[in-house]
Structure formats: C-alpha cells, structure tokens
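Trainee: I would like to learn how to read a helix, a core and a ligand shell from a model. Could we go through them in turn?

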Amino acid sequence: MAAIEFLDLGKKYGKVRSVRKLTASITEGKITGLLGPNGAGKSTSLRCLLGLAKPTSGEAKILGVHYKELKNPLTQIGAVLDSRGFHGGLTGKQNLKVMAAAAKIPDARVDEVLKLVDLEAAANKKAKGYSLGMKQRLSLAGALLGNPKVLILDEPANGLDPIGIAWLRGFLRTLANEGKTILVSSHQLAEMQSTVDDVIIINHGMLMAQGSMKEIIGEGTLEDAFLKLTAGGAR
Ligand SMILES: Nc1ncnc2c1ncn2[C@@H]1O[C@H](COP(=O)(O)OP(=O)(O)OP(=O)(O)O)[C@@H](O)[C@H]1O
Ligand SMILES: [Mg+2]
C-alpha cells in the first residue's frame, strides 16, 4: 500500500514553478529517497505534504488523507525539515520534554527516544553546545516521540561527518525493519545509493524517474542514472 502519495502536485511561488505535476507514491515499510539537485523542489514537495505550504494544484496525501485531516498527527508522522528548531538554553532532554508535554506524550518516552538516537550521554547538556550531528539526532528524537508510522526527513545527512552518515544509515534501516515508512530527501547520490530501497528523482520540479534502486540504476551507479536522466536539461 502507498503510505504517501503525490497526485499531480504543483506549487508556484510567483512565477517560479517549484513543483510541476508531481505524481509519485511511497510504499509502506520502505526507505524511499526523494532525490534531485539544489532547487529541484524536494523541500517544497515535503512542505506541501506536511501542510506547511499550500499546493497550487493537485495534492499530497499521507496514509490516505491530507496532513491536516490526520488524527493525532505526531503518532502518525514524524518529520524533520531542519534541525534548528530547538531552544538552545535548554538541555536536549528538556527540549524533548517540552515537545512531549505539548503532545501529551508521557515523559518516559523522552528517555526512550534519547536512547534510540544515542544521545543519553549528552541529554543534560544545553542544546546550544551540541554539534551538528547531535542536533540532527535530537531532531530525530523529537520526530520519534509519538512513535509514528511514517518519518519524513529533509536532507538529514547534510553536514554530517562519515561517522554520522554511517550511523544515520544504520538507524534508518533499523526503523524500516520495524515496519516504519521513511521518505528522505537528499542530493547526495552516492550516499543514497547505499541507504534507500526506492528512488524518486526530480529535477526542475518534475518527476524524472521512480522505481526500486535496482530498476533505476541497473548495474551502474545512482549518479550515472541521474546524469543520464537529467542530460540535456529537464525544461
Ligand atoms: N518560499 C519560497 N518562496 C519563493 N520561492 C521558493 C520558496 N521556496 C522554494 N522556492 C523556490 O522553489 C524552487 C524549489 O526549491 P526547494 O527548496 O523546494 O528545492 P530543493 O530541492 O529542496 O533544493 P535544495 O537541495 O537546495 O534544498 C527553487 O527555485 C526555490 O528558489
Ligand atoms: Mg531543500
């Protein structure tokens, strides 16, 4: 079953057509990479999906409905669009407790998610002292508070060092093995090749290809496939 569907989604900002007639679906229990170069429309598509931007045409659905129609959205969808949304003066744990209280999630879950993201040792340090990798993990912890079925991550590997990237890869795979559906955007093709099951490639807001990694790359690399698909420009 499709956990997420983009149906003829279009989004214009003034004259800029960020997303054009995007139709794609994300299978439950898989890690799907939403891939495309800078400005391809990845973040805009995800923002439409999460009800943070209003589509100009078409629609995007999660678990069969629009985001705003979800009951208890935090228990259905966890999302990380950027990792700057924390209160620097509070500790990691305090930040999560505030989020949990707002969503009526018991405090015990805060300790669970801190453990899941390997942040227990730094839980009582102020978030402003966290490294980028620690901030990313704190964001992931926040997204997991409601134990959601679906995770949506915009460029979670950005700025991470090789250890952080390897950790993230293993982490996402563990979550997918537990049955979670993960949609992760990136422009880092080599990294995505070893992380995701399925691929959606967009360029200039348009769908270039969708399929399993094997279908898309054959015996080559994701970078080869991507360059072939985008050769000659998409416009
Ligand atoms: N709020 C906005 N107002 C005006 N234009 C926007 C806005 N958000 C995005 N755009 C434009 O829409 C296009 C797609 O941007 P988007 O951020 O979705 O791309 P992206 O694939 O996420 O890129 P990146 O890899 O750099 O994050 C770009 O041309 C961008 O300038
Ligand atoms: Mg983006």
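**Reading a helix, a core and a shell**

Mentor: This is a predicted model. Start with what covers the buried residues of α4: the cover includes α3 (92–102) and α5 (132–144).

Trainee: Which residues of α4 are buried?

Mentor: A residue counts as buried if 20 or more other C-beta atoms lie within 10 Å of its own. In α4, residues 108–116, that holds for Val110, Val113 and Leu114. Viewed down the helix axis, the buried residues of α4 fall within an arc of 105°, so they line one face of the helix.

Trainee: Which exposed residues does the face turned away from the buried side carry?

Mentor: That face of α4 carries Ala108 and Lys115. After the helix comes Asp118, with a positive phi near 60°.

Trainee: Which residues touch the most other members of the largest nonpolar core?

Mentor: That core has 64 residues, and those with the most contacts to other members are Leu96, Val113, Ala141, Ile152, Val184 and Ile200. α5 supplies the largest share of the core, six residues. As a worked case, leave out residues up to four places away in sequence: Ile152 then touches Leu46, Leu49, Leu50, Ile77, Ala79 and Leu183.

Trainee: Which residues lie around ligand 1?

Mentor: Among them are Tyr13, Val16, Ser18, Asn38, Lys42, Ser43, Thr44 and His187. The elements giving two or more residues to this shell are β2 (16–27) and α1 (42–49); α1 gives the most, with three.

Trainee: How do the shell residues divide into nonpolar, polar and charged?

Mentor: Three are nonpolar, eight polar and one charged.

Notes. Residues numbered from 1 in each chain as written. Chains lettered and ligands numbered in written order. Predicted model: local features only at pLDDT ≥ 70, side-chain atom pairs only at ≥ 80, totals over all residues. Near = placed C-beta within 6 Å. Helix = DSSP H or I, 4+ residues; strand = E, 2+ residues; numbered from the N terminus. Nonpolar A, V, L, I, M, F, W, Y, C, P; charged D, E, K, R; others polar. Buried ≥ 20, exposed ≤ 12 C-beta atoms within 10 Å, placed from the backbone. Arc of directions from axis to C-beta. Contact = placed C-beta atoms within 7 Å. Core = buried A, V, L, I, M, F, W, Y, C linked by C-beta atoms within 7 Å.
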